[in-house]
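Have a look at the sequence and the model, then read on.

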Amino acid sequence: MKVNKRAKSRVLAGVLAVALAMPFSATAEDLIGAGASFPYPLYSKMFAEYNAKTGSRINYQSVGSGAGINQIVAKTVDFGAMDGTPKDSDFESAAGKIVYLPMAKGDVSVPFNLPGVKEIKLSSELLAEIFLGKVTNWGDKKIADQNPNVKLPKLPITVVHRSDGSGTTDIFTTYLASVSGAWKSTVGAGKAVKWPVGIGAKGNEGVSGQVLQIPGSIGYVEYAYTVQQKMATATLPSANGVYPITGTTWILLYQDQNYGGRTKAKAQELTKLLKWMLNDGQQFSEPLYYKKLSAEEKTAAEETLKGLKFGNENLF
Amino acid sequence: MKIYSKISSKFLSGGWFISLIRVSAVAIILLMLAIAVMLTLGALPAIKHFGFGFLVGGDWNPIENNYGALPFLVGTLITSFLALVISIPFSIAIAIILGEFNPTGKVSALFTSLVELLAGIPSVIFGFFALFYLVPLVRFFQIKFNIIPYGVGIFTSSLILAIMIIPFSASLGRQIIKMVPSGLKEAAYALGATRFEVLKDVVFPVARSGILAGFILALGRALGETMAVTMVIGNNNALPHSIFDLGNTISSIIANEFAEAGNALHFSSLTYLGLALFVGTAAINLAGKYAIKKMAKM
């Protein structure tokens with residue numbers, strides 16, 4: 001009985017030792033990032049591939065763009081991540097210059113639910129009017145004029161939007177503000193806005209779920225969701241053959257990597273990773289329904305990367 | 001050996017146990033205070049900026065950085081009280097059947113544990129149930145009665161909240177009704193009272209304050225419920241005009257916007273809402289306690 005007890009306490013001590021050591025078991029080269037949830041599937045894939053290739057481990061926490069900005073500003077992570085358009089005001093309280101690198105782009109689609117209708121064309125002005133609550137029925141003459149060959153039912157339009165603050169909303173409202181003066185002056189663009197009409201649903205899955213349920217509804221979700229759920233989406237006028245509602249997702253980091261007792265080796269590890277993500281890593285975008293960076297975007301990002309410093313030393 | 005017995009007697013006297021429970025009790029009070037202080041500090045920028053006008057402001061606009069709590073206060077109160085009203089007949093009926101008419105036996109035990117099981121189901125599951133079954137049902141009736149067929153909205157939220165809070169009031173009511181001294185009831189029966197008369201004139205007056213306590217517990221649960229409500233209330237930040245309108249509650253707007261509230265005033269306004277909910281829930285609980293005391297004396 002006594003031996004048994006001693007054995008038990010030994011096992012317990014062993015378990016405790018392992019459990020206590022776990023948070024500290026990360027090696028010096030392990031990198032920590034936090035931020036946007038939109039690129040999370042892509043980053044997971046990239047980091048797993050990078051780990052298989054180099055053995056480096058990257059821990060990415062998908063906690064939202066806002067939290068990503070806060071954490072890089074507070075220097076608690078090696079890199080932050082965000083969607084939408086980085087603004088200088090986002091980094092006001094940062095103790096140093098923060099630079100941002102584009103990593104991938106993603107389309108925001110406009111799914112709709114009209115019984116018997118698979119395709120519909122909407123001009124950008126009309127889309128804004130629908131989301132402003134000015135066009136309220138699918139039988140409206142304005143919609144019929146743009147879709148002469150479609151038999152449109154006389155259904156009230158139910159707008160479905162995101163209820164949670166999100167980069168997807170930022171991309172979509174930025175687009176509406178760019179095509180509609182009325183939208184720009186009455187609603188504006190951002191991660192959360194004051195919606196003139198509609199049902200709010202949480203997450204991309206919430207919006208696509210509501211659109212699938214409500215006849216006469218229209219919403220906006222990340223492209224991947226409309227593909228996976230096989231939803232009908234509105235055709236919007238393209239700009240030079242490019243789908244117009246697109247957003248970029250960014251990695252944020254300090255230009256001077258010498259902070260918080262970080263080693264130069266760690267800074268170099270980070271720059272190596274980012275260079276790989278901009279080059280080899282891009283091949284994982286399209287299978288996951290993201291878009292690759294254009295050649296110009298990639299060149300500009302690599303220039304930014306070359307500007308990184310460690311104190312007075314260059315990292316490249 | 002002597003030392004051992006000394007320690008043992010000290011251990012057995014239980015002084016350490018008294019200290020332990022004292023520390024635990026004080027810790028709970030400190031925790032409450034810490035939450036209140038944390039919420040107040042977090043809300044301070046918004047309190048300074050908007051004052052108490054925040055509570056009656058009807059506009060919530062993160063782009064223009066203007067925040068008012070009225071739509072959410074109204075949403076919270078309507079959903080919670082409507083849920084309470086819907087739940088009352090059901091929970092009283094359950095409490096009477098399981099507490100007075102069928103207090104023992106296998107069927108009674110089965111129903112009692114089923115009711116209690118209902119209280120243990122995670123709220124996200126209730127949310128899914130509401131989304132997939134209640135929403136289409138409500139939409140069906142909305143189409144029939146020519147109301148805009150959102151399906152989601154304040155009424156649907158109240159329905160799911162009512163289902164969620166029934167076990168709280170029903171199970172407390174059942175226990176209280178069971179505790180009514182049988183001597184009182186037997187005396188009434190001996191005087192020729194019917195079963196209904198015993199229930200109306202003996203059981204209810206005795207159990208009244210306990211049943212009320214169950215309703216207050218249930219109301220508290222409804223006021224703070226977040227997940228299920230967020231899933232079916234429609235998350236519209238305008239002041240609701242009818243019970244079939246879309247809306248938002250304090251907890252659902254916090255759940256929606258807290259993670260991405262980048263702007264300091266936005267963040268602080270959400271904390272201010274949290275503080276309002278904290279104070280409001282405490283006030284309703286205190287008022288309830290007072291009502292229970294008054295009733296118990298009657």
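Let's start with one pairing: in strand S9 of chain A, Val221(A) is the bridge partner of Ser109(A). That residue's strand, S4 (residues 98-109) of chain A, pairs with S9(A) in the antiparallel sense over two bridges. Two strands pair here if DSSP finds at least two bridges between them, and the elements are DSSP runs numbered from the N terminus: helices (H or I) of at least four residues, strands (E) of at least two.

This is a predicted model, so local features need pLDDT of at least 70 and side-chain atom pairs count only at pLDDT 80 or more, while totals for chains, interfaces and linings use all residues. Residues are numbered from 1 along each chain as its sequence is written, chains are lettered from A and ligands numbered from 1 in the order in which they are written, and side-chain values use heavy atoms, leaving out hydrogens and water.

Now zoom out. The sheet is open, has six strands in the order S2-S1-S3-S10-S4-S9 (chain A), and its pairing is mixed. Strands S2 (58-62) and S9 (221-222) of chain A stand at its edges with a single partner strand each, so one side of each has no neighbour in the sheet. Helix H2 (residues 40-54) of chain A packs on this sheet, touching S2, S3 (79-83), S4 and S10 (246-254) of chain A. Contact means heavy atoms within 4.5 Å. The direction of H2(A) makes about 170° with that of S2(A); axes are lines fitted to C-alpha atoms, for helices over the stretch in contact, and angles run from 0 to 180 degrees between N-to-C directions.

There's a second open sheet, with four strands in the order S5-S8-S6-S7 (chain A) and mixed pairing. Its edge strands are S5 (112-113) and S7 of chain A, each pairing on one side only. S6(A) and S7(A) run parallel, joined by three bridges, and in S7(A) Gly200(A) is the bridge partner of His161(A). H8(A) packs on this sheet, touching S5, S6, S7 and S8 (217-218) of chain A.

What about chain B? The contact takes 26 residues from chain A and 23 residues from chain B. By the salt-bridge rule (a side-chain nitrogen of Lys or Arg within 4 Å of a carboxyl oxygen of Asp or Glu), one salt bridge crosses this interface.

| Salt bridge | Closest N and O atoms |
|---|---|
| Lys194(A) and Asp59(B) | 2.3 Å |
| Lys45(A) and Glu49(A) | 3.0 Å |

Lys45(A) and Glu49(A) are four residues apart in helix H2 of chain A, which means about one helical turn separates them. Over all chains, the structure holds 17 salt bridges.
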